[in-house]
Amino acid sequence: PECVFVPRGLNMLPVAMDEEGMIPDVLRKILSTTPPSPVTGHPPRVMYVVPSGQNPTGAVMPLARKREIYQICQEYGVIILK
C-alpha cells in the first residue's frame, strides 16, 4: 500500500521493534546514519509512533522507553507524532 507521504518525495524509515515497542538504539542508529533526503534536503524530521496497543503486535511502550525515545528525538530535532 502506498503511503500519502511517498508521492511528496518523503521516505518512510522503519524502526525495528521488540516486545516493548520501538528499539531506541535502532532509532539512534537510523537518525545518525540516514543522509538528508534528496528531495527535501533535510534529515529525518518527523516520527510517527503508536506507544499503546501498537498494531499488529499490541505492544505497550513502558514510560522509561518513551523517555529514552523522546531524548533521542530531542537530540536530532525530530518531531514526534502519536
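Tutor: A salt bridge is a side-chain nitrogen of Lys or Arg within 4 Å of a carboxyl oxygen of Asp or Glu. Keep that cut-off in mind as we go through this model, which is predicted.

Student: Happy to. How many salt bridges does a search of the whole structure find?

Tutor: The search finds three salt bridges. The general idea is simple: side chains of opposite charge can pair when their charged atoms come close. Before we take the pairs one by one, let's get our bearings on the fold.

Student: Good plan. What pattern does the protein follow along the sequence?

Tutor: Reading along the sequence gives β-β-α-β-α-β. In other words, there are two helices and four strands. The protein has 82 residues, and buried residues make up 24% of them.

Student: Back to the pairs, then. Which side chain meets R65 in a salt bridge at 2.7 Å, N to O?

Tutor: That partner is D18. The pair links distant parts of the chain, with R65 in helix α2 and D18 in strand β1 (residues 17–18), 47 residues apart.

Student: How do I read burial for these two? Is R65 buried or exposed?

Tutor: Compare the relative accessible area with the cut-offs: under 20% is buried, over 50% is exposed, and partly exposed lies in between. R65 has a relative accessible area of 12%, so R65 is buried. D18 counts as partly exposed because its relative accessibility is 26%.

Student: Which other residue forms a salt bridge with R65, with the closest N and O atoms 3.4 Å apart?

Tutor: E20 does. E20 lies in the loop between β1 and β2 (21–22) while R65 sits in helix α2, so this pair ties together parts that are 45 residues apart in sequence. E20 counts as partly exposed because its relative accessibility is 32%. The side chains of R65 and E20 are also joined by a polar contact of 3.4 Å.

Student: And which residues make the remaining pair, whose closest N and O atoms are 2.6 Å apart?

Tutor: That salt bridge is formed by E75 and R28. Here the distant parts of the chain are two helices: E75 is in helix α2 and R28 is in helix α1, 47 residues apart. Both residues are partly exposed, E75 with a relative accessible area of 44% and R28 at 30% relative accessibility.

Student: Which residues do salt bridges with shared partners join into one network?

Tutor: D18, E20 and R65 are joined that way. To see what else surrounds the arginine, list its contacts while leaving aside neighbours within four places in sequence: R65 is in contact with D18, E20, G21, M22, I23 and P24.

Student: What about the outside? Which residues make the nonpolar surface patch of about 430 Å²?

Tutor: The patch is made by V46, Y48, I79 and L81. Strands β3 (46–48) and β4 (79–81) each supply at least two of its residues. Both V46 and Y48 are found in strand β3. Y48 counts as exposed because its relative accessibility is 60%, and V46 counts as exposed because its value is 52%.

Student: Which residues does V46 touch, not counting those up to four places away in sequence?

Tutor: V46 touches V78, I79 and L81. For another distance to check, the C-alpha atoms of V46 and M12 are separated by 9.9 Å, though these residues are 34 apart along the chain.

How values were computed. Residues are numbered from 1 along each chain as its sequence is written. This is a predicted model: local features need pLDDT of at least 70, side-chain atom pairs count only at pLDDT 80 or more; totals for chains, interfaces and linings use all residues. Side-chain values use heavy atoms; hydrogens and water are left out. Patches are made of residues with over 30% relative accessible area and no salt bridge: like charges are joined within 9 Å, nonpolar side chains (Val, Leu, Ile, Met, Phe, Trp, Tyr) within 5 Å. Accessible areas come from the Shrake-Rupley method with a 1.4 Å probe; for residues, only the protein chains shown count as cover. Buried means under 20% relative accessible area, exposed over 50%, partly exposed in between (1.4 Å probe, protein chains only). Contact means heavy atoms within 4.5 Å. A polar contact is a pair of N or O atoms within 3.5 Å; within protein, one must be able to donate a hydrogen and the other to accept it, and residues adjacent in sequence count only if both atoms are side-chain atoms.
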